[in-house]
Amino acid sequence: MNATATITFKDSLLAHFEQSLPSLFGDAQLRRKAALYFEEKGIPNRKWEDYKYINPEAVLKSDFGFRTNRMREITPHDINEFKLVKDSIVIVIANGIYSAELSPMNTLPVGITISNIADAVVSNEIAKKHYAKYAKFDADPFVALNTAMCAGGVFVHVAKNVQTKTPIQIIHVSNFETPSIAQPRNLIVVEESAEAIVIESYETIGPIKTFLNTLTEVYVGPNAKFDHYRIQTEGENAFQMNTLQASVCGNSLYNTYTFTLGGIFTRNNLNILFTEKNGEAHLYGLYPITNSQVVDNHTIVDHAVPNCMSNELYKGVVNEKASATFNGKIFVRPDAQKTNAFQTNRNILLSDDATVNTKPQLEIYADDVKCSHGTSTGKVNEDAMFYLQARGIGKESARALLIRAFAEEVVDQVKIEELRDYIDKRIDSILK
Amino acid sequence: MITIKNLHASVDGKEILKGLSLEVKDGEVHAIMGPNGSGKSTLASVLAGKSEYEVTAGEVIFNGKNLLELSAEDRAREGVFLAFQYPVEIPGVSNINFLKTSINEIRAYKGLGPIEPKEFLAMVKEKQKLVELDGKLTGRSVNEGFSGGEKKRNEIFQMAMLEPSLGILDETDSGLDIDALRIVANGVNKLRDAKRSFILVTHYQRLLDYIVPDFVHVLYNGRIVKSGTKELALELEEKGYDWLKSESVEA
């Protein structure tokens, strides 16, 4: 039905690509190949197995523009509002572009490099080495689109043996004049035996429709530790396609925390690949959603090598007409003996109109492994409700207490107290 | 305290209580005994306001109020306390937070402000001793990972904290060893006074060795078929329930 509209929009995307290519950073050949792939595949729709419950094609209509210069001012005051942890390093990606003015880098600890990715892929050898190495453009049309058209983002490098407890917050903020697409691209490299904490947050200012096709590549070096938080708190007119592609080396620990606390349409593709023995990864996710929000979490944990451990816990509270999807793939390759891989997805439905689609997919090709998965979707536990009511707690408070308790299992995993408090407050306001 | 008249209640369309009448005065302890399936636990649940039970006839007057018109939470706020036969585990809600919420909602209902944290903690400390409850348990999630005995002690601890005017104990003795039974009974005895009343629902006479009732009633087939004093419980222990079944058929 909307095939015509799709082609039109795809065409205009590609036309804009041709126009802007000379001004875009990095390898033009790579960009061309990626654009070609996108042209061939098109924008995914519900006919695609991986996009069965979320339809980017229906969203990406011709009213979205690509000119990132049509933007409103973003002030230091705005940024201050978005800062989540007092003692932190703040990087601002404004409308998909690294903002040097809003990202004061005068007090960086030794061993940490932060720069505009557009500069880094040209002049920084480490950035060149890692860029586009983990997120392959032929993995998904949105990876292709980002690879072809990204105009900015940040490169974060934590040098070998450098262990920092100061969180680095990457604030993605959109404030456009007309409906627009922004495609930021980030690269985070945590070298051998280094430790880092990164918070990626996503915000919008104002009511203008925004489509963010964001991509972050992560490299976790041997024996490194990396806590990676993603806090999605965009407004009601925000559409987000979020890809995180991580490569985890031996004896390292990579923790991801994905909190979807805003936005109308959010698709998260979180892919983790173990490349050496004894890697460990934890994936936590929470999506308390309401109204007509659509949230789709696709995760892939690829145990390509032996002796790695992954543990995944995603929880959803789905109210009104909201729709949530969880699709968790775990691959255990033939060589990946002694793998431990666990996955849990639990959902509470608060309304008859709410929807949850949950699909665990375990593909195990090794025989000496420990793997498990479990999913559940249901209403608030009636026995627990009665127990609380029988102690004088009113129905609404009892329900709130139980939902809060359900969500806390994920929130409790957050190691930064300020961040935990912030998330709790957001959850409270969503559940009200 | 509470007057139950001709109470009829069903669950899933099946009538369980078939005209039950009972009067409990201030400070009295009544034991309700009876064979399995006679409706003992249904009575406890109906009084506490569990929604899956439908009251089809009769009335319950609690301290001058029509109890059946009140929500479960309002019954608790008015002073009805049900000690559950199977206390529910609630992961993620700490015992302490749960109790504070409970006390404050009951206080708000009575037009009182929230309890002072200091007063609350002192109360917790005092009441824990009553049932010899480990202080560590109160910091944990409600009933999560508690042993059977700990769960029952936690019920009595909650009762001590909420200071109800009517305590309904639903088979609190089931699954308890003799030591735990003594601790639980001791806790209940300490809460007995001239004002506070209790309804003890139990299958066995054993509990009544420790909590001596003023009256004993036998529930059979949804009605009280015999009432007496504590001696009746001993007679039941000796003869079982069968002789009453034949008696009630004749009646």
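Which backbone nitrogen does a side-chain oxygen of A:Asn381 reach at the start of α8(A)? I looked this up in a predicted model. The nitrogen belongs to A:Asp383, and the oxygen comes to within 2.9 Å of it.

**Entry 1: helix α8 of chain A**

I stayed with this helix, which spans residues 382-389. Six of its eight residues are buried, so the rest of the structure largely encloses it. I listed the buried ones: A:Ala384, A:Met385, A:Phe386, A:Tyr387, A:Leu388 and A:Gln389.

**Entry 2: the largest pocket**

I went to the largest pocket next. Its space comes to about 410 Å³. I found 19 lining residues, and A:Asn381 is among the closest to the pocket centre.

Which elements give two or more residues to the lining? In chain A they are β18 (340-349), β20 (370-378) and α9 (395-411). In chain B it is β7 (90-94). I noted that α9(A) supplies the largest share, four residues. By type, I counted eight nonpolar, six polar and five charged residues in the lining.

**Entry 3: nonpolar cores**

I then checked the cores. The largest nonpolar core has 49 residues. B:Ile2, B:Ile4, B:Leu47, B:Ile90 and B:Ile199 touch the most other members. The largest share of this core, six residues, again comes from α9(A).

I took B:Ile199 and left aside its neighbours within four places in sequence. Its contacts include B:Leu22, B:Val24, B:His30, B:Ile32 and B:Leu47. B:Leu166, B:Gly167, B:Ile168 and B:Leu169 are also in contact with B:Ile199. Another core, of 45 residues, lies apart from the largest one. Its members include B:Ile103, B:Leu130, B:Phe146 and B:Val188.

**Entry 4: helix α1 of chain B**

Just after the helix, I saw B:Gly49 take a positive phi of about 95°.

**Entry 5: B:Ala48**

Which residues does B:Ala48 contact, leaving aside neighbours within four places in sequence? They are A:Phe386, B:Ala72, B:Arg75 and B:Leu82. A:Phe386 took me back to α8(A), where it is one of the buried residues. I also checked B:Leu68, 20 residues from B:Ala48 along the chain. Their C-alpha atoms are separated by 9.2 Å.

Technical notes
Residues are numbered from 1 along each chain as its sequence is written. Chains are lettered from A and ligands numbered from 1 in the order in which they are written. This is a predicted model: local features need pLDDT of at least 70, side-chain atom pairs count only at pLDDT 80 or more; totals for chains, interfaces and linings use all residues. Side-chain values use heavy atoms; hydrogens and water are left out. On a 1 Å grid over the protein atoms alone, a cavity is a set of points where a 1.4 Å probe fits but cannot get out, and a pocket is an open set with protein on both sides within 12 Å along at least five of seven lines; lining residues have an atom within 4 Å of a point. Grid points are joined across faces, edges and corners, and a volume is the space filled by probe spheres set on the points. Ala, Val, Leu, Ile, Met, Phe, Trp, Tyr, Cys and Pro count as nonpolar, Asp, Glu, Lys and Arg as charged, and the others, Gly among them, as polar. Buried means under 20% relative accessible area, exposed over 50%, partly exposed in between (1.4 Å probe, protein chains only). A polar contact is a pair of N or O atoms within 3.5 Å; within protein, one must be able to donate a hydrogen and the other to accept it, and residues adjacent in sequence count only if both atoms are side-chain atoms. A nonpolar core is a set of buried Ala, Val, Leu, Ile, Met, Phe, Trp, Tyr and Cys residues joined through side-chain atoms within 4.5 Å. Contact means heavy atoms within 4.5 Å.
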